[in-house]
Amino acid sequence: MAWAPIHDFPYTPVPYRPERTSADEALRTAASMREKMQTRRTVRAFSSDPVPEQVIIDAIAVAATAPSGAHQQPWTFVVVTDPEVRARIREAAEEEERISYDGRLGDEWLSALRPLGTDEHKPHLTDAPYLIVVFEQRYYLDGDKQHKHYYVDESVGIAVGMLLTALHLSGLAALTHTPSPMKFLSEVLNRPRNEKAFAVIPVGYPAADAVVPDLVRKDLDQVMVRV
């Protein structure tokens, strides 16, 4: 059944009876995922080696299962492979980033970025075989009617997190790139007025000479509290 807006529809529950996972299997699965996700890193140097498109499609399908405010699923994932379009995105992004690194970010932000080794050059936008540009839908267009969406940033953020997880578990590397401002993405990709760019995610295999910053994640006891 195709999706349609459910505004003012009556509450219609249906049974939900997933098969319960055994405790032993749950422990094995959780430990395996924890170990695999510990190897996830943000990559800025990509190989141009091809990636099966179905892997990208399946990862986006995973992201689209994310919970969302009032189940309005306020996201659009634009998969960009056209070299000319990607070149336009890179040119516009690097122009905005030059302005940002020349002072728009401010000293505190630049200081926070310094250990990451980032600058205005964004070769990943043309090197990676895929760009996934994520847009958030501020409202739904139903002909001449507009339906407001709720908790849009939170919903799209969760979906992007699930996308990154699915990509990593599929053996791919990714980067969440958020050039600011991002209005140029709507113009380059010809998106409708209800959509606003949320993130650009280059996806592919790491380059053979890829390096990442020497960073340490917080320990679990620094991020988890028992009550």
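Biologist: How do the residues lining the largest pocket divide by class?

Modeller: The lining of the largest pocket has 10 nonpolar, 8 polar and 7 charged residues. Ala, Val, Leu, Ile, Met, Phe, Trp, Tyr, Cys and Pro count as nonpolar, Asp, Glu, Lys and Arg as charged, and the others, including Gly, as polar. This is a predicted model, where local features need pLDDT of at least 70 and side-chain atom pairs pLDDT 80 or more, while totals for chains, interfaces and linings use all residues. Residues are numbered from 1 along each chain as its sequence is written, and side-chain values use heavy atoms, without hydrogens and water.

Biologist: What is the volume of the largest pocket, and which residues lie nearest its centre?

Modeller: A pocket is an open set of points on a 1 Å grid over the protein atoms alone, where a 1.4 Å probe fits, with protein on both sides within 12 Å along at least five of seven lines; lining residues have an atom within 4 Å of a point. Grid points join across faces, edges and corners, and a volume is the space filled by probe spheres set on them. Here the volume is about 680 Å³, and Arg 44, Leu 113, Leu 116, Leu 175 and Thr 176 lie nearest the centre.

Biologist: Which helix gives the most to that lining?

Modeller: Helices are DSSP runs (H or I, at least four residues), numbered from the N terminus. H3 gives the most, with 3 residues.

Biologist: Which residues of H1 and H6 make their contact?

Modeller: Contact means heavy atoms within 4.5 Å. Met 33, Lys 36 and Met 37 of H1 meet Thr 165, His 168 and Leu 169 of H6.

Conventions:
Helix = DSSP H or I, 4+ residues; strand = E, 2+ residues; numbered from the N terminus.
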